Amino acid sequence: MALAATVSAAACVGAWRVVPWQGRQSALIMAAAMVALAVSGGDPRAGLLLGTALLVSAMLGTVGVRGTPAAAMCCHRALVSLVMALCAFEGVAAASTDPAPAHAHGAGLAGVLPALVIVGTVGVILWTVVAEWLLPPVHRGRTARLLTIESWAMAAGVAVMCLGF
């Protein structure tokens, strides 16, 4: 998971000029969060903090990119950040040792999060496949290769994260 995050961030930084600040911050926050989650040992406080950071990063990741050539990739990164945030929150919910009464608000949330993580992960992988194999390329040469590496590394990292939590 940490290796995929590092590869993804390095590829994004390598394609610096074509990735707007929204995409760069999202890729770098995701990489830092994946590494932090990998070394946190499942600490619920770390999961809550990192999940919140990923959620904010996902929201910032799409600010002002509407109608630009980078919009699809920024939305893809935002979806990955959102799925990672859900995964982090799922880890927090699973680590909770205080069982909520059945009638309490949010008692069913722990059952919904794993389903959302799986649906989100499948969505990220499908988006990656469609964007890379079925749609015409937006970029050429080195930039296209770097963005492809970034996209597949993000998808792989989320898949590993989904399986790990």
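**View 1. Helix H3 and what covers its buried side.** In this predicted model, H2 and H4 are among the elements that cover the buried residues of H3. Cover here means contact, with heavy atoms within 4.5 Å. Ala 46, Gly 47, Leu 50, Gly 51, Leu 54, Ser 57 and Ala 58 are the buried residues of H3. They sit on the same side of H3, because their arc around the axis is only 125°. The arc is taken from the directions from the helix axis to the C-beta atoms. Arg 45, Leu 49 and Met 59 are exposed on the face turned away. Buried is under 20% relative accessible area, exposed over 50%, partly exposed in between (1.4 Å probe, protein chains only).

**View 2. The nonpolar patch.** H3 contributes the most, with 4 residues. Leu 60 lies in H3 and is partly exposed, at 36% relative accessible area.

**View 3. Helix H1 and its packing.** In H1, Ala 4, Ala 5, Ser 8, Ala 9, Ala 11 and Cys 12 are buried. These residues fall within an arc of 160°, so they line one face of the helix. They pack against H2 (21-40), H4 (71-95) and H6 (141-164).

**Notes.** Residues count from 1 along each chain; side-chain values use heavy atoms, without hydrogens or water. In this predicted model, local features need pLDDT of at least 70 and side-chain atom pairs 80 or more, while totals for chains, interfaces and linings use all residues.

Notes
Helices (H or I, at least four residues) and strands (E, at least two) are DSSP runs, numbered from the N terminus.
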